[in-house]
Amino acid sequence: MTAEVAVIIVNFNSGFLLGQCLRHLRAQTRRPERVIVVDNASHDGSADRLEHDYPGVEVVRLDRNLGFAAANNLAARRAGAVEWLALLNPDAFPEPEWLERFLTATATCPDCASFRSEERRVGKECRSRWS
């Protein structure tokens, strides 16, 4: 059985970056079961564009900015019974194998409860790793 993953993104006036992040998620070799975006009362229209351009993404609109941690906690509760939560910033653009590599790391180290990814630019090339 494949592990279920929910990707959580907290948005506050991220503008075009949010769309770019979601395009990178669409390009994953292994897509998440759920993508939840918590909009922290943005006023730049980014949540409106999100609902129009990415109808499969779950959008939680807040009437006030709860802050990063509280918004992530709210989304984690909404994610339900997934095995893994992947927190992604709206200005992060994961390479296509990002989620697949994450699940490989979780299978390799089943006693670990949390992981982090790191992305580094080497010239024009982007390299990520999990630890």
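Visitor: Which residues do ring pairs link into a cluster?
Guide: The model is a predicted one. In it, W84, F102 and F115 are linked into a cluster by ring pairs.

Visitor: How many aromatic pairs are there in the whole structure?
Guide: The search of the whole structure finds three aromatic pairs. One of them is W84 with F102, whose ring centres are 5.4 Å apart and whose planes stand at 85 degrees, so this pair is edge-to-face.

Visitor: What does that pair tie together?
Guide: W84 belongs to strand 4 (residues 84-87) and F102 to helix 4, so the pair ties together parts that are 18 residues apart in sequence. Both W84 and F102 are buried.

Visitor: And what is the geometry between the rings of W84 and F115?
Guide: Their centres are 5.6 Å apart with the planes at 70 degrees, so this pair is edge-to-face. F115 sits in the loop between helix 4 and strand 5 (117-122) and W84 in strand 4, so parts 31 residues apart in sequence are tied together.

Visitor: Is W84 buried or exposed, and at what relative accessible area?
Guide: W84 has a relative accessible area of 13%. Because buried means under 20% relative accessible area, W84 is buried.

Visitor: Changing topic: which cysteines does a disulfide join?
Guide: C109 is joined to C112, with an S to S distance of 2.4 Å. The search of the whole structure finds one disulfide.

Visitor: Which residues of helix 1 are buried?
Guide: In helix 1 (residues 16-26), the buried residues are L18, G19, C21, L22 and L25. They cover an arc of only 160 degrees around the axis, which puts them on the same side of helix 1.

Visitor: Why would residues a few places apart point the same way?
Guide: An α-helix has 3.6 residues a turn, so residues three or four places apart point the same way.

Visitor: What covers the buried residues of helix 1?
Guide: The cover includes strand 1 (5-11), strand 2 (34-39), helix 2 (46-53) and helix 4 (98-108).

Visitor: How many residues of strand 1 are buried?
Guide: Seven of its seven residues are buried, so strand 1 is mostly covered. V5, V7, I9 and N11 point one way, while A6, I8 and V10 point the other way.

Visitor: In which sense does strand 1 pair with strand 2, and over how many bridges?
Guide: The two pair in the parallel sense over six bridges.

Visitor: How many bridges join strand 1 to strand 4?
Guide: Four bridges join them, and these strands run parallel. The bridge partner of V7 in strand 4 is A86.

Visitor: Which residues does N40 touch?
Guide: Leaving aside residues up to four places away in sequence, N40 touches V10, N11, F12, L62, R64, N65, L66, G67, F68 and A71.

Definitions and conventions
Residues numbered from 1 in each chain as written. Predicted model: local features only at pLDDT ≥ 70, side-chain atom pairs only at ≥ 80, totals over all residues. Heavy atoms only, no water. Buried < 20%, exposed > 50% of the residue type's maximum accessible area, 1.4 Å probe, protein only. Arc of directions from axis to C-beta. Contact = heavy atoms within 4.5 Å. Phe/Tyr/Trp six-rings, centres within 6.5 Å; stacked < 30°, edge-to-face > 60°. Disulfide = S-S within 2.5 Å. Pairing = 2+ DSSP bridges.
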